[in-house]
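Q: Please take a close look at one part of this structure. Describe that part step by step, and then what lies around it.

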Amino acid sequence: MIDRVVIGRRFARLATDAAVRSPLLWKLFRPFIRRQFDALAPVWDSMRLEDTLAPYEAALAKLEQAPARVLDVGTGTGAGALTLARRFPDAEIVGVDLSEAMIRQARSNTPADLQRRVTFERGDASSLRFGDASFDLMAHANMIPFFDEVARLVAPGGHALFAFSTGAGTPIYVPAERLRRELGRRGFTDFAEVSAGRGNALVARRADRS
């Protein structure tokens with residue numbers, strides 16, 4: 001019998017490829033992905049390795065200016081959002097995730113001194129409640145990108161970040177060439193690629209309005 005974890009990883013890659021190719025297909029995968037991550041929430045933190053966020057942090061180091069408002073997409077149990085809060089001590093951080101169980105764990109993981117700046121809420125990354133140009137940085141760690149929402153939510157001059165903890169071996173993974181192409185079509189420029197730990201990341205800037 002194929003291990004359940006292996007099946008889950010294969011399904012996550014299938015969902016990623018389908019959603020990137022045709023975002024309308026996401027609604028078919030969404031309920032299964034939500035249940036998958038609801039089930040993983042109690043053990044998610046124990047699955048994270050020491051260098052899981054290494055490419056995420058290396059990409060953050062590429063930013064020349066600290067963002068004021070940041071969205072951590074697919075936040076899971078909040079590790080990325082808390083990393084952002086510690087790196088940018090004056091920033092407001094919002095973490096969103098499709099899984100309510102993940103959000104509950106993220107709130108539980110947030111230390112008291114960060115609770116005024118870091119908030120978590122359930123949300124579907126393909127259609128978020130926030131207004132246009134709401135964020136200076138939209139960060140994704142091992143997360144399916146929904147490029148139209150990224151373009152809508154990142155303010156001119158702001159940045160989008162995509163990190164994959166084990167590179168092409170990450171279950172949810174999009175090659176840098178595809179990221180560049182899709183983001184470039186939507187007004188992003190100044191691409192920077194980094195490698196750290198076992199993974200890689202890309203950060204891009206949203207062009208200023210002329």
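A: Strand β6 (residues 188–196) and β7 run antiparallel and are joined by seven bridges. Strands here, at least two residues of DSSP state E, and helices, at least four residues of state H or I, are DSSP runs numbered from the N terminus. Two strands count as paired if DSSP finds at least two bridges between them. The model is predicted, so local features need pLDDT of at least 70 and side-chain atom pairs count only at pLDDT 80 or more, while totals for chains, interfaces and linings use all residues. Residues are numbered from 1 along each chain as its sequence is written, and side-chain values use heavy atoms, with hydrogens and water left out.

The part to follow is β7, which covers residues 199–206.

Strand β7 is mostly covered, with seven of its eight residues buried. Buried means under 20% relative accessible area, exposed over 50%, and partly exposed in between, using a 1.4 Å probe and protein chains only. N200 lies in β7 and counts as buried because its relative accessibility is 19%. Leaving aside neighbours within four places in sequence, N200 is in contact (heavy atoms within 4.5 Å) with P55, F162, A163, F164, G167, A168, Y173, V194 and S195.

Helix α8 (residues 176–184) comes next, with A176, L179, E182 and L183 as its buried residues. Seen down the helix axis, these fall within an arc of 135°, so they line one face of α8. The arc is that of the directions from the helix axis to the C-beta atoms. An α-helix has 3.6 residues a turn, so residues three or four places apart point the same way. The cover over the buried residues of α8 includes α7 (147–153), β5, β6 and β7.

L183 leads on to the largest nonpolar core, which has 42 residues; L183 and L71 touch the most other members. A nonpolar core is a set of buried Ala, Val, Leu, Ile, Met, Phe, Trp, Tyr and Cys residues joined through side-chain atoms within 4.5 Å. Apart from residues up to four places away in sequence, L71 touches V94, V96, L128, F130, F135, L137, M138, A139 and L153. A second, separate core of 27 residues includes Y56, L82, A85 and V118.

One of the residues that L71 touches is V96, found in strand β2 (residues 92–97). V96 counts as buried because its relative accessibility is 1%.
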